[in-house]
Number of protein chains: 2
Amino acid sequence: MLDFSITILGNGSAVPTAWQNPSAQMLHYNQHRFLIDCGEGTQMQMIKYQVSYRNLSHIFISHLHGDHYFGLIGLISTLHLFGREKPLHVYGPQPLEQILLMQLKASDTRLKFPLLFHPMPASGIIYEDGDLEVTCFPLNHRIPTWGFLFREKPKERNLRKDFVAKYHPGVAQMHQIKQGADFVLPDGTALPNRDITKTPPKPRCYAFCSDTAYDEKLIPYLRGVDLLYHEATFDDAMADKAAEKYHSTARQAAQLAARAKVDKLLLGHFSARFSTPDHLLKEAREVFPHTFLSVQGDTYAL
Amino acid sequence: MLDFSITILGNGSAVPTAWQNPSAQMLHYNQHRFLIDCGEGTQMQMIKYQVSYRNLSHIFISHLHGDHYFGLIGLISTLHLFGREKPLHVYGPQPLEQILLMQLKASDTRLKFPLLFHPMPASGIIYEDGDLEVTCFPLNHRIPTWGFLFREKPKERNLRKDFVAKYHPGVAQMHQIKQGADFVLPDGTALPNRDITKTPPKPRCYAFCSDTAYDEKLIPYLRGVDLLYHEATFDDAMADKAAEKYHSTARQAAQLAARAKVDKLLLGHFSARFSTPDHLLKEAREVFPHTFLSVQGDTYAL
């Protein structure tokens with residue numbers, strides 16, 4: 001299977017601490033690298049955790065609270081200074097474009113690479129290649145905020161080697177069989193597709209939801225995803241604060257994960273007031289046992 | 001003597017490395033804290049080196065290359081989230097104001113404290129209190145860039161205790177004597193000021209020059225300062241590159257220090273290509289022996 005994983009570069013919330021950087025994570029899909037959010041210091045985190053930006057081509061910014069994007073202009077500057085020539089695509093809320101351009105202008109920087117800005121639509125597919133598609137959808141936060149789904153495209157069915165060796169199908173036939181067609185022998189007998197092919201691995205899906213209040217409107221987007229990263233800024237005792245600030249408790253993240261029947265839940269965006277998020281894990285696991293705490297520098301495979 | 005010192009928070013140049021953060025330093029004067037430049041990650045450096053921003057009231061930004069200010073909006077956000085109410089004064093190139101305001105608007109942030117922006121004049125005194133004055137002056141860089149002088153005001157002369165005990169001068173007389181007046185006895189005899197007072201400590205002066213090409217036009221500003229922080233981005237072998245990029249070599253920094261007859265030279269803004277700046281120190285000391293390398297987290301007293 002192709003590598004499909006995320007590396008956590010920052011899992012803190014608004015205020016950085018000695019142990020938590022603001023939001024950022026690098027998604028690996030085969031040779032591709034996609035950055036999701038880029039809080040202050042993200043480029044330093046990449047150095048610290050030896051996460052290369054060599055194959056970084058697309059950056060997705062969830063919203064314009066600083067802890068999710070203040071590191072972007074610094075990363076762009078560094079790519080420029082290192083002589084990048086390949087285009088860089090940035091997806092984010094519309095005002096981000098002017099914020100970036102104004103800062104490039106103030107430093108009289110003419111980027112050596114094309115910076116292609118894509119304002120986020122309300123929802124829908126924003127990126128697509130042969131293997132993967134990225135969808136954005138609205139979260140429930142104080143300012144416009146988006147979640148992201150990274151979904152593998154369904155793979156073709158695999159031909160069984162014994163079938164190919166015995167019947168020598170032509171190229172056109174092989175293509176049809178991979179799409180699900182049966183194979184018809186000269187005498188008219190049909191070999192059913194399920195007997196001559198193997199089912200490919202189930203397409204995998206990663207969902208990123210930060211920042212958001214608990215909101216069941218997200219369930220249709222999240223249903224059955226393999227890994228859900230969901231914010232868990234607060235604990236049970238601070239549920240009122242979570243609602244007031246349009247954030248979630250760890251338990252609420254778990255409730256959403258349970259209702260959307262995701263496979264695994266990964267918690268992050270921890271409040272700076274907690275020196276450890278261990279009790280958040282305990283509270284979430286009471287609702288959804290398949291919950292894990294994100295750890296900076298760690299990589300989670302799908 | 002009052003505490004007058006600087007703590008280096010970042011002494012790297014444009015591109016951060018595992019061992020160098022971009023420019024920032026905290027100047028301590030008695031209870032006051034002044035921040036000079038604020039590269040990305042400065043607030044994390046403050047946490048790391050336990051440099052408090054509790055008494056930070058004034059921030060001076062030398063120019064709008066990102067390695068000198070990309071951390072400012074994050075620091076301002078953190079001060080806001082921690083409930084700061086005291087005014088914060090920011091001195092910088094005019095476009096900085098819009099850059100800050102645009103980012104505050106995008107996050108729908110209404111600061112809890114007054115953010116008072118002061119666009120930098122071409123040169124002159126930009127800050128003054130009872131003890132200290134701050135002057136800005138133009139450096140020679142690719143975009144408009146300023147150096148800063150932090151100069152103690154001359155102190156009044158101190159009355160000798162034996163004189164006061166013997167002659168009991170009145171309040172008005174004491175004030176005049178502190179300003180330099182002689183003391184006249186009832187019989188008309190004058191006690192010369194130099195016999196009844198002590199000379200106060202010489203006013204101290206700190207100069208910050210980053211970023212700049214070697215430029216002898218700076219000498220009048222720097223003459224006789226106690227401590228000069230000067231950029232030393234490149235080494236001797238890269239003198240051409242230094243000129244081309246409007247930066248200095250360590251040797252050039254030393255030449256300027258020698259010609260301006262400063263007391264001590266502190267080097268910084270080291271290129272990311274040097275894993276250690278030791279050879280920069282060697283090259284500079286050949287010209288100006290009283291040269292030192294800045295070290296992140298270290299504090300230098302005047």
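Leaving out residues up to four places away in sequence, Leu265(A) touches Leu228(A), His230(A), Ala253(A), Ala254(A), Ala257(A), Ala284(A), Phe288(A), His290(A) and Thr291(A), where contact requires C-beta atoms, placed from the backbone, to lie within 7 Å. The model is predicted, with local features needing pLDDT of at least 70 and side-chain atom pairs counting only at pLDDT 80 or more, while totals for chains, interfaces and linings use all residues. Residues are numbered from 1 along each chain as its sequence is written, and chains are lettered from A in the order in which they are written.

Leu265(A) is also among the residues with the most contacts inside the largest nonpolar core, which has 136 residues; the others are Tyr206(A), Leu228(A), Tyr206(B), Leu228(B) and Leu265(B). Such a core is a set of buried Ala, Val, Leu, Ile, Met, Phe, Trp, Tyr and Cys residues joined through C-beta atoms within 7 Å; buried means 20 or more other C-beta atoms within 10 Å, exposed 12 or fewer, and partly exposed in between.

Pro95(B) counts as partly exposed because it has 16 C-beta neighbours inside 10 Å. Leaving aside neighbours within four places in sequence, Pro95(B) is in contact with Ala106(A) and Leu64(B).

Key: Contact = placed C-beta atoms within 7 Å.
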